[in-house]
Amino acid sequence: MDTHINTKYMRRALALAEKGFTHPNPMVGCVIVKNGQVIGEGWHPAAGQPHAEVFALRAAGDKAADSDVYVTLEPCCHRGRTAPCTEALIAAKVKRVIVGTRDSDIRVKGKGVETLQAAGIEVCTGLLQNRCREINRSFFHFHETGRPYVTLKAAMSVDGRIATHLGSSQWVTGSEARQHVHILRARSGAVIAGINTLLMDDARLDARPAGAVVPRQPLRVVLDSHLRLPVNSAAVRLARDYPDTHPLLIATTRHASEAAKAALSGPGVEVAVLASDRDGRVGLHALMALLAERKIVSVLCEGGAELAASLLAERLVNEAMYFIAPIVIGGREAPGPVGGSGVDTVGEAWNTGRISVSRFGNDLLLTMKIAY
């Protein structure tokens, strides 16, 4: 089978993979082909549900014997909430498995390929590897570094303001861009914001994508050094009403009063006292370590400008996503997306790699990796 045909089927598997909301698992797609015909397709919809290979094998049925299987990620060979995909592929008597990229999870990491080969199945790896790694960049980063992948997100006017000089920010971008943000939240392990953002916008920080069933909500995290978050805020009320599905973690420091801790703590709301930085704010490295312990693979930072500056200064941001609306706000006191003191010279600026551009309604989204 030629490279063009192989590439076509792997691209289809990639498109299927992106249908899932799978945190902390990777997004995976699978296509099964026999005699030049697709006989089964599948993707991993959510953690705890069957994997892509299982859905594709179910669709193929008995026809799966002697077929070619295209899968974006190395099939798992360990037993967790689901049985190993290698067992299912071997039992189906498939002829060949074409793998986009090997897994970085220590429980797999080459052992899936070895298991299939030991059973006499031909395995080819590395087809569209860069693309297969890119759709699961947070998953690979977490398993290769032990730290969550941090994405910095902001919405701004074309002149770089995230709000007016009076603090008005609803809404800078249009509905299509805001809906995409809800999808980003649903695919993130945690969404974090600083206390000033919560006080200004009374944000809920949950995922509400239109037309999509979200199997899990992200852990909502508020950085609040002195516990100023009102007990009747929207974020707290949501946690109280839905403690099992909409948890809220408030990261604070020893400077917070015991009375404030007692008032906020309760069903759905956890107050975590972390080490502070030299300015008395919540230590960001301590926060990331806590999230890593809880297997939070990816973090979406939604505000505000001071938190963004601190994350960049601590070299914790992996990617930035800037939505740019075709409006001009102006004003010397109107804030930009990154606060703090900034760099002293242009030569010290944080660099980005190649910028990708996409469009949502009238708004543009610039996505870029951060290099330090």
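A: The structure holds 3 aromatic pairs. Here, rings of Phe, Tyr and Trp (its six-membered ring) pair if their centres lie within 6.5 Å. Planes under 30 degrees apart count as stacked, over 60 as edge-to-face and the rest as tilted. One of the pairs is Phe139 with Phe140. Their rings are edge-to-face, 5.7 Å centre to centre, with 80° between the planes. Phe139 is buried, at a relative accessible area of 4%. Phe140 is buried too, at 2%. Buried means under 20% relative accessible area, exposed over 50%, and partly exposed in between (1.4 Å probe, protein chains only).

Another pair is Phe323 with Phe360. The ring centres are 6.2 Å apart and the planes stand at 55°, so this pair is tilted. Phe323 lies in strand E12 (residues 319-325) and Phe360 in strand E14 (residues 356-360), so the pair ties together parts that are 37 residues apart in sequence. Helices (H or I, at least four residues) and strands (E, at least two) are DSSP runs, numbered from the N terminus. Phe323 counts as buried, at 1% relative accessibility. Phe360 is buried as well, with a relative accessible area of 18%.

A word on the basis of these values. This is a predicted model: local features need pLDDT of at least 70, side-chain atom pairs count only at pLDDT 80 or more, and totals for chains, interfaces and linings use all residues. Residues are numbered from 1 along each chain as its sequence is written, and side-chain values use heavy atoms, with hydrogens and water left out.

Charges also meet rings. Arg133 lies over the face of Phe140, at 4.2 Å from the ring centre. The charged end of Arg187 sits over the ring of Phe21, 4.8 Å from its centre. The test is that NZ of Lys or CZ of Arg is within 6 Å of the ring centre and within 35 degrees of the ring normal.

Now the backbone. The peptide bond from His23 to Pro24 is cis, with omega near 5°. Pro24 is found in the loop between helix H1 (3-17) and strand E1 (29-34). A cis peptide bond also joins Gln170 and Trp171, with omega about -5°. Trp171 lies in the loop between strand E6 (149-157) and helix H7 (175-186).

Two non-glycine residues have a positive phi: Asp66, at about 65°, and Lys109, at about 35°. Asp66 is in the loop between helix H2 (52-60) and strand E3 (68-73). Asp66 is exposed, with a relative accessible area of 53%. Lys109 lies in the loop between strand E4 (96-101) and helix H4 (111-118). Lys109 is exposed, at 56%.

Last, the interior. In soluble globular proteins, nonpolar side chains tend to be buried together. A nonpolar core is a set of buried Ala, Val, Leu, Ile, Met, Phe, Trp, Tyr and Cys residues joined through side-chain atoms within 4.5 Å. The largest such core has 32 residues. Leu152, Ile192, Val221, Leu291 and Leu311 touch the most other members. Helix H11 (residues 284-293) gives the largest share of this core, 5 residues. Apart from this core lies another, of 28 residues, among them Val181, Leu229, Val236 and Leu300. Val221 has contacts (heavy atoms within 4.5 Å) with Ala190, Val191, Ile192, Ala193, Leu205, Leu249, Leu287 and Leu291, not counting residues up to four places away in sequence.
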